[in-house]
Amino acid sequence: GRCAHPTLWGHGFVLMIFVGFTDALRIRRYRCPLCGCIIRLRPKGYWKRHQSAAVTVRATLSTRLGTGYWPPGCVSSRARHWLRALKRNALAVLGVPALADLMAAFEQLLDLGRIPVSRAI
């Protein structure tokens with residue numbers, strides 16, 4: 001868990017919806033016996049608290065920032081949240097100059113081990 005305790009206890013399953021899968025997935029959960037935090041597993045390539053794959057997020061933002069238009073088939077309300085969060089994270093972590101090239105900021109945030117479109121800074 002957050003406390004780096006070496007042991008986790010099974011804590012059941014939960015159904016979760018991910019873009020790209022036709023049905024909800026049964027996701028395994030674990031609980032830390034020391035701090036009590038709950039850890040949910042997720043498919044590879046999906047960030048925590050996101051239902052879309054990381055490659056989809058990157059491609060969508062790249063298209064929008066390159067052309068000024070959202071790509072066909074994207075859910076623009078969700079994508080606007082990603083763009084707003086990217087701007088906020090770039091500004092908070094990398095400073096004002098990062099706003100000039102948001103896709104470079106996206107990559108820099110990834111290199112720092114951060115989720116570029118996370119709502120939490």
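Which residues does Ala-24 touch, not counting residues up to four places away in sequence? In this predicted model, Ala-24 touches Leu-15, Met-16 and Ile-17. Ala-24 is found in the loop between strand 1 (9-16) and strand 2 (25-31). From Ala-24 to Phe-106 the distance is 29 Å in space, C-alpha to C-alpha, and the two are 82 residues apart in sequence.

## Overall architecture

The secondary structure of the protein comes to three helices and three strands. Along the sequence, these elements follow the pattern β-β-β-α-α-α. The C-alpha trace spans about 45 × 35 × 20 Å along its principal axes. The protein has 121 residues, and 29% of them count as buried. Among contacts between residues at least 6 apart in sequence, 43% join residues at least 24 apart.

## Helix 2 and its surroundings

The buried residues of helix 2 are Ala-79, Trp-82, Leu-83, Ala-85, Leu-86, Asn-89 and Ala-90. These buried residues pack against helix 1 (54-67) and helix 3 (102-111). Just after helix 2, Gly-95 takes a positive phi of about 95 degrees.

Lys-87 is also found in helix 2. Its relative accessibility is 40%, so Lys-87 counts as partly exposed. Leaving aside residues up to four places away in sequence, Lys-87 touches Leu-99 and Leu-102. Lys-87 and Val-117 are 30 residues apart in sequence, and their C-alpha atoms are 8.4 Å apart in space.

## The salt bridge

How many salt bridges does the structure hold? The structure holds one salt bridge. Arg-58 forms this salt bridge with Glu-107, and the closest N and O atoms are 2.9 Å apart. Arg-58 lies in helix 1 and Glu-107 in helix 3, so the pair ties together parts that are 49 residues apart in sequence.

| Residue | Relative accessibility | Class |
|---|---|---|
| Arg-58 | 29% | partly exposed |
| Lys-87 | 40% | partly exposed |
| Glu-107 | 32% | partly exposed |

## The largest pocket

Rolling a probe the size of a water molecule over the atoms shows where empty space is left. About 630 Å³ of space lies in the largest pocket. Its lining is made up of 19 residues, of which Arg-40, Arg-42, Lys-48, Arg-49 and His-50 lie nearest the centre of the pocket. Strand 3 (38-40) and helix 2 each supply at least two residues of this lining.

## Summary

Helix 2 links several parts of this account. The buried residues of helix 2 pack against helix 1 and helix 3, while helix 2 also supplies at least two residues of the lining of the largest pocket. Helix 1 and helix 3 are in turn tied together by the pair of Arg-58 and Glu-107.

Note on methods:
Residues are numbered from 1 along each chain as its sequence is written. This is a predicted model: local features need pLDDT of at least 70, side-chain atom pairs count only at pLDDT 80 or more; totals for chains, interfaces and linings use all residues. Side-chain values use heavy atoms; hydrogens and water are left out. Buried means under 20% relative accessible area, exposed over 50%, partly exposed in between (1.4 Å probe, protein chains only). Helices (H or I, at least four residues) and strands (E, at least two) are DSSP runs, numbered from the N terminus. Contact means heavy atoms within 4.5 Å. On a 1 Å grid over the protein atoms alone, a cavity is a set of points where a 1.4 Å probe fits but cannot get out, and a pocket is an open set with protein on both sides within 12 Å along at least five of seven lines; lining residues have an atom within 4 Å of a point. Grid points are joined across faces, edges and corners, and a volume is the space filled by probe spheres set on the points. A salt bridge is a side-chain nitrogen of Lys or Arg within 4 Å of a carboxyl oxygen of Asp or Glu.
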